[in-house]
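Subject: Structure for your review

Dear colleague,

Please find below the structure that I would like to hand over to you. My notes on it follow, and I would ask you to read them with the structure open beside you.

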Amino acid sequence: MIEMLSQKFVVDAMLGKVARWLRIMGYDTLYSNKLEDWKILKIAETQKRIIITRDRGLYSRSVKRGLKCILLSPDFDIIQDLAYIALKSKIDLSVNVDATRCPQCNSILNKISENKWMCTKCKKEYWKGKHWRTIEEVIIKANSTLVKLEAKNDARGSSTDSRAKQGDRAIINRNS
């Protein structure tokens, strides 16, 4: 998983929810609702980040510059968004509590007790509460959607490495 967590993203202004989810899963994800397209392109280029957007214009400009970019459908919900991002960027859809980032500011979280973490930058505290079940459900559904997307790609003759063939995998790393 260390290699997979090396993927870095920059997410455009209309995808704050996607940025939060990528951060929860441990991926370094830059996001601000104030980032203009030119700045996103510059960040992606200089920091070797994958752009995630719903903006066709931004997508076209990034492709012309040879940058990696994922164009999400406006009809997608968060489950479809995460599955599609995983398909295109080869990330793992799981939450490793030892690698998760602050959903607010993208900084590393430090473990302060068995089920409690604190952001190293903004000092916000996180814990495994009732919301954890929702996180698990979204990740499970996104993985299920990913398997279906991979099957479609395989049926079309794509060389996509199918995670369905990998057998059981940890959806949520419960090791704390």
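Across which strands does helix 3 lie, and at about what angle does it run to strand 4? Helix 3, made of residues 56-64, lies across strand 3 and strand 4. Its direction makes about 150° with strand 4. Helix 4 also packs on the sheet, where it touches strand 1, strand 3 and strand 4. The angle between the directions of helix 4 and strand 4 is about 145°.

Please bear in mind that this is a predicted model.

The chain as a whole

Five helices and nine strands are found in the chain. In sequence order, these elements give the pattern β-α-β-α-β-α-β-α-β-β-β-β-α-β. The chain has 176 residues, and 44% of them count as buried. Among the contacts with a separation of 6 or more, 51% are between residues 24 or more positions apart.

Four strands make up an open sheet in the order 2-1-3-4, and their pairing is parallel. Strand 2 and strand 4 (69-71) are the edges; each has a single partner strand, so one side of each has no neighbour in the sheet. On average, neighbouring strands here are turned by 25° against each other, direction ignored.

Within this sheet, three bridges connect strand 1 (residues 8-11) with strand 3 (residues 50-53) in the parallel sense.

Three strands form an open sheet with antiparallel pairing, in the order 6-7-8. Its edges are strand 6 (109-113) and strand 8 (125-127); because each has a single partner strand, one side of each is left without a neighbour in the sheet. Neighbouring strands of this sheet are turned by 30° against each other on average, again with direction ignored.

Strand 6 and strand 7 deserve a separate look. They make a hairpin, with two residues between them. Strand 7 covers residues 116-119, and four bridges join it to strand 6 in an antiparallel run. Ser113 has Lys116 of strand 7 as its bridge partner.

The contact of helix 4 with helix 5

How do the axes of these two helices cross? Helix 4 (residues 78-89) and helix 5 (residues 131-155) have axes that come within 8 Å and cross at roughly 50°. Helix 4 is therefore oblique to helix 5. The crossing is right-handed.

The residues that meet are as follows:

- From helix 4: Ile79, Gln80, Leu82, Ala83, Tyr84, Ala86 and Leu87.
- From helix 5: Val138, Lys141, Ala142, Thr145, Leu146, Leu149, Glu150 and Asn153.

By type, the residues of this contact comprise 10 nonpolar, three polar and two charged.

A residue in a loop

Is Asn33 buried or exposed? Asn33 counts as exposed because its relative accessibility is 53%, and the cut-off for this class is over 50%. Asn33 is located in the loop between strand 2 (28-31) and helix 2 (37-47). Along the chain, Asn33 and Asp12 are 21 residues apart, and their C-alpha atoms are separated by 7.2 Å.

Yours sincerely,
A colleague

How values were computed: Residues are numbered from 1 along each chain as its sequence is written. This is a predicted model: local features need pLDDT of at least 70, side-chain atom pairs count only at pLDDT 80 or more; totals for chains, interfaces and linings use all residues. Side-chain values use heavy atoms; hydrogens and water are left out. Axes are lines fitted to C-alpha atoms, for helices over the stretch in contact, and angles run from 0 to 180 degrees between N-to-C directions. Angles under 35 degrees count as roughly parallel, over 145 as roughly antiparallel, 65 to 115 as roughly perpendicular and the rest as oblique. A crossing is left-handed if the near helix is turned anticlockwise from the far one by less than a right angle, and right-handed if clockwise. Contact means heavy atoms within 4.5 Å. Ala, Val, Leu, Ile, Met, Phe, Trp, Tyr, Cys and Pro count as nonpolar, Asp, Glu, Lys and Arg as charged, and the others, Gly among them, as polar. Buried means under 20% relative accessible area, exposed over 50%, partly exposed in between (1.4 Å probe, protein chains only). Two strands pair if DSSP finds at least two bridges between them.
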